[in-house]
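Open the model in your viewer and follow the stops below. Each one gives you something to select.

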Amino acid sequence: MSGLVLYGVALFFALSAWHFARGRRTNPRAIARYSCYATALLAAALLLLAPPTVQAADRLHRLGIAPALPVLLGDTLRIGAACAIRLLAGVLRDPELPRRAVRRQLALLAGVLGVRAVLFVAAAPGLDASDLTAAPSTGARLALAGYTAAGVLYLAYCLTALLRQLARLARAAAPGRQRSGLRLLTLSLVAGLLWNAWGVDDVVQAAATGTQAGAEDALCGVLGLLCVALLATGLGTTVWPAAHAAVRGWLRAHRRYRALAPLWRDLHTVLPEIALAPASRLPLLPPRDPQFALYRRIIEIHDARLILRQHLDPRTPRWLAAATSRFPPSAARADATAEAAALAAALERAAAGVRPNPDTPRTAPAAEPPHALGPDLESEADHLAHLTRVYATCPAVAEVRARARAAAPSPSAPDPDPVASPVR
């Protein structure tokens, strides 16, 4: 496969790892954990072993770094992914995989990596374009061949173990999408075993010429594409529908979260105490859990509205009537305009530091129209997003805000008006 194709495959594995990582947080099962490890390590290995990356690494000798070192690192990551595949096969067979079985597989991995490291050093390989070349001696050629053979055999061992478990699950699954997906994944492993078996050609070539080709021949490329295509189709049948729904929900919650930002920012500036907890991330980064962040932002906005009850100005309806005579809102925006104007006026009085009169009655209904909470989080978020747009863009609301700012008494004076009304 060409370098660009390998980068695309690496991106596919990276997205799969991200999905499995999310599943691991919501449902910490070993299957999701080892699937995440395997796909993440494969993505990293493909990025390092792609011919353009290997050719770029040829310049490392100018920095005093062995140019073949990225190839060793990429092969090591691939072997690590194979170990994760083997452990995945184990938990598919026994969800409560004993720790001694895990330790046994990790010990085998350490042994394989140790043997390959020794053979790699003995081969003292260099780079010729994207090809790995051993030192000019028979021992170096055999060491390079052994290094390649150890990787081919270990990968075949791991893929065979997972193939057996997937074939068993496919036979036991009921007819439907899940069985089809498992069969496609099984076929992808068959193609992967054939793709890996073609590595025997690299072993023979390394022993005979001391060279391990970085670029794949036509048949090897076809087998690789077939393996990836079947794998993508199998995951698309069994895993990606849920992943697509999760991504779509994440984007929808993030979009609503951002839509509330203008109103929340003004409220938080005047009333910083509404923040439930300080942010533990950079401001420009999206929240890791936008659904929870959206829920928290809605709560904070409603907390601010409760605090602003004591700052509502009964003159707001009169100011709003004058403003809407100049800037009449549409019918769809009429209620939101009245609600946003009352919030803007109360916020200006709070920002001016007006001390409300504690004896002021809270029963007058005219300062702000009542708003009933939505039946669920999404409808309430949509309402507040609409309110935020009106609050930030409506000229009538801007005029009410300006009048409230001009009419606000001094901060030390109590609220002179004996009538105020609750936000909710």
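**Stop one: a pair across the chain**

Select Asp382, which is partly exposed, with a relative accessibility of 37%. This is a predicted model. Asp382 and Arg256 form a salt bridge, with 2.9 Å between the closest N and O atoms. The two sit in distant parts of the chain, 126 residues apart: Asp382 in helix 15 (residues 377-393) and Arg256 in helix 10 (residues 240-259). Is Arg256 buried or exposed? Arg256 is buried, at 13% relative accessible area.

**Stop two: a buried pair**

Go to Arg349 and Asp313. Their salt bridge has its closest N and O atoms 3.2 Å apart. Arg349 lies in helix 14 (residues 334-351), while Asp313 is in the loop between helix 12 and helix 13 (316-326). Arg349 is buried, with 3% relative accessible area. Asp313 is buried too, with 2%.

**Stop three: within one helix**

Select Arg403 and Glu399. Their side chains form a salt bridge, 3.7 Å from N to O. Both are in helix 16 (residues 395-407); they are four residues apart, so about one helical turn separates them. Arg403 is partly exposed at 34%, whereas Glu399 is buried at 13%.

**Stop four: the surface**

Show Leu276, Phe292, Tyr295 and Ile299. They form a nonpolar surface patch with about 390 Å² of accessible area together. Ile299 belongs to helix 12 (residues 290-307) and is partly exposed, at 31% relative accessibility.

**Zoom out**

Display the whole protein: 16 helices and three strands. It has 424 residues, 43% of them buried. The structure holds 11 salt bridges.

Conventions
Residues numbered from 1 in each chain as written. Predicted model: local features only at pLDDT ≥ 70, side-chain atom pairs only at ≥ 80, totals over all residues. Heavy atoms only, no water. Patch = residues over 30% accessible without salt bridge, like charges linked within 9 Å, V, L, I, M, F, W, Y side chains within 5 Å. Areas by Shrake-Rupley, 256 points an atom, 1.4 Å probe, with all protein chains shown as cover. Salt bridge = Lys/Arg side-chain N within 4 Å of Asp/Glu carboxyl O. Buried < 20%, exposed > 50% of the residue type's maximum accessible area, 1.4 Å probe, protein only.
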